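Trainee: I'm new to this one. Could you walk me through it?

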Amino acid sequence: KHAEPVKFADCIVHDVVPGIAGLDLLPGHLRLTFLDLDLASRPGRERILTRKLAKVIEGYDIILCDCPPNLQTATQNALYASDWFFVPMQPDFLSSIGLSLLLDRLSYLKTELEFKIKCLGVVFTRVRHVGFHQETMARLPDEKEFKKLHFFKTVIPENIALGEAPMSAQPIALYDGSASGAEAFRELASEVIARLGGK
């Protein structure tokens, strides 16, 4: 059974984190899994989010779209609506192939669908103190196809608290603000804001 349509603005949960004013959330839903099937024949399907956001965007300084690791319709909508994207990736061989494929596909979308999005940077995540992680982080920024990318100095470590926080339905800053993962995200936020300030 399909839910009754509601206004986009009515779906926003305001001040979602206690004690942090102005942090709103537009939750996703498992039904979005079938978005590609539902919108397969709809013209301009990759621009739907842009049109919806236009009605509320004036009330926000920054809007973050958290996307799954694919380029299906939901992710294309987020990319089309955005000015910048940044890529979290594990520092390993398969993830580096994925980064290359992502950049190639985005180049195609920018040409064919007039996406105007630009890459803000790449952040290494789930980093462990093992040789191949350290080697990959040192090597990738110097590889020819990635030389134009910005790699954030902050890395997000493999951290138990980061895995536990979602089970408690809390951001890491509230679940365990002293965890190394929480500190890393604070540092990353500062880096992202600094880069956006210069754009």
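**A first look**

Mentor: Let's start with L25, which sits in the segment before helix 1 (35-38); helices are DSSP runs of H or I with at least four residues, and strands are E runs of at least two, numbered from the N terminus. This is a predicted model, where local features need pLDDT of at least 70, side-chain atom pairs count only at pLDDT 80 or more, and totals for chains, interfaces and linings use all residues. Residues are numbered from 1 along each chain as its sequence is written, and side-chain values use heavy atoms, leaving out hydrogens and water.

Trainee: Is L25 buried, exposed or partly exposed?

Mentor: Buried means under 20% relative accessible area and exposed means over 50%, with partly exposed in between (1.4 Å probe, protein chains only). L25 has a relative accessible area of 40%, so L25 is partly exposed.

Trainee: How many disulfides are there?

Mentor: A disulfide is a pair of cysteine sulfur atoms within 2.5 Å. By this rule, the count is zero. C65 is in no disulfide, as its nearest cysteine sulfur, that of C67, is 5.9 Å away. C67 is in no disulfide either, with the sulfur of C65 at 5.9 Å, so the count of disulfides stays at zero.

Trainee: And is C67 buried, exposed or partly exposed?

Mentor: C67 has a relative accessible area of 32%. For comparison, C65 comes to 35% and counts as partly exposed. On the cut-offs above, C67 is also partly exposed.
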